[in-house]
Amino acid sequence: MRILLAEDSTLLREALTALVERLGHSVVATAHDADELRRVYGRMDAGCDRPDLIVTDVRMPPQNRDDGLAAALSIRRQSPTQPVLVLSQYIADRYARDLLTLPGGAIGYLLKDRISRVNDFARSLVTVQEGGTVIDPDVVQHLLRPRDRGPLATLTPRERDVLELMADGKSNSEIAASLVVSDASVRKHVGNIFSKLGLGPVEENRRVKAVLTYLHDSRQ
């Protein structure tokens, strides 16, 4: 995997570079602030030179606020399929919701203390690069406002089993194998979950929003 890494701390940038290379990936370019991240990405041709994944800090120069996350959003508007994983020491309310509700997946938001769990971090890199979504549980707890738990309480035990496996990142076919049911049965359960949670057919990122609801309920 070819990674563009944006991190203003030289020490952490070098440590992350060493880690991802130990995991078998390649850091093809680095940036020390949000403006440089935009410039470096802009210089890459829209073909083989584009990175497979952008990994960026949230708080970066020039303003040392949510500049890295804002740059990631800007890049995704320019290239809607570009996978992006943001890392942060804190949860940035201002842009985090915008990032996590982007259509198309290939998005991740992890707190930096998760990096020490190397196997989980390695899986997160691959999941986001392959088009999945990875959300730190603490981010979920912070961003989701308390809501009526009624809709989740209406799920059947089997629907809750399916939703739990969705939260583990499993595909419909993997859920079917885990529960020893047919793919059609899983699709029916997933449709029921969306309906009971008020996630209609035109709702974007229905799967992610259903998982967020489940994770928030679990944390409660």
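1. A word before we start: two residues are in contact when they have heavy atoms within 4.5 Å of each other. With that in mind, look at helices α8 and α9. Arg158, Asp161, Val162, Leu165 and Met166 of α8 meet Ile175, Ser178 and Leu179 of α9. Sorted by class, this contact has five nonpolar, one polar and two charged residues. Keep in mind throughout that the model is predicted.

2. How do these two helices sit against each other? Helix α8 covers residues 157-167 and helix α9 covers residues 172-179; their axes come within 10 Å and cross at roughly 125 degrees. That is why α8 and α9 count as oblique to each other. The crossing in which α8 passes α9 is right-handed.

3. Stay with α9 for a moment. Which of its residues are buried? They are Ile175, Ala176 and Leu179. Looking down the axis of α9, you find its buried residues within an arc of 100 degrees, so they line one face of the helix. Ile175 and Leu179 also belong to the contact with α8.

4. Now zoom out to the whole protein chain. There are eleven helices and six strands in its secondary structure. The chain has 220 residues, and 47% of them count as buried. Take the contacts between residues at least 6 apart in sequence: 68% of these join residues at least 24 apart.

5. Is Gly108 buried or exposed? Its relative accessible area is 0%, so Gly108 is buried. Setting aside neighbours within four places in sequence, Gly108 touches Val84, Leu85, Val86, Leu99, Val128 and Val134. Pro83 is 25 residues from Gly108 in sequence, and the C-alpha atoms of the two are 8.4 Å apart.

6. Ala106 isn't a glycine, yet its phi is positive, about 60 degrees. With a relative accessible area of 5%, Ala106 is buried.

7. As α2 passes α3, the crossing is right-handed. On the α2 side the contact is made by Ala34, Leu37, Arg38 and Tyr41, and on the α3 side by Asp67, Gly68, Ala70, Ala71, Ser74, Ile75 and Gln78. By class that gives six nonpolar, three polar and two charged residues.

8. Last stop: the loop between β3 (53-57) and α3, where Pro62 is found. What kind of peptide bond joins Pro61 and Pro62? It is a cis bond, with omega at about 15 degrees. Asn64 has its place in the loop between β3 and α3 too. Although Asn64 is not a glycine, its phi is positive, about 55 degrees. Asn64 is partly exposed, and its relative accessible area is 41%.

Technical notes:
Residues are numbered from 1 along each chain as its sequence is written. This is a predicted model: local features need pLDDT of at least 70, side-chain atom pairs count only at pLDDT 80 or more; totals for chains, interfaces and linings use all residues. Side-chain values use heavy atoms; hydrogens and water are left out. Axes are lines fitted to C-alpha atoms, for helices over the stretch in contact, and angles run from 0 to 180 degrees between N-to-C directions. Helices (H or I, at least four residues) and strands (E, at least two) are DSSP runs, numbered from the N terminus. Angles under 35 degrees count as roughly parallel, over 145 as roughly antiparallel, 65 to 115 as roughly perpendicular and the rest as oblique. A crossing is left-handed if the near helix is turned anticlockwise from the far one by less than a right angle, and right-handed if clockwise. Ala, Val, Leu, Ile, Met, Phe, Trp, Tyr, Cys and Pro count as nonpolar, Asp, Glu, Lys and Arg as charged, and the others, Gly among them, as polar. Buried means under 20% relative accessible area, exposed over 50%, partly exposed in between (1.4 Å probe, protein chains only). The arc is that of the directions from the helix axis to the C-beta atoms.
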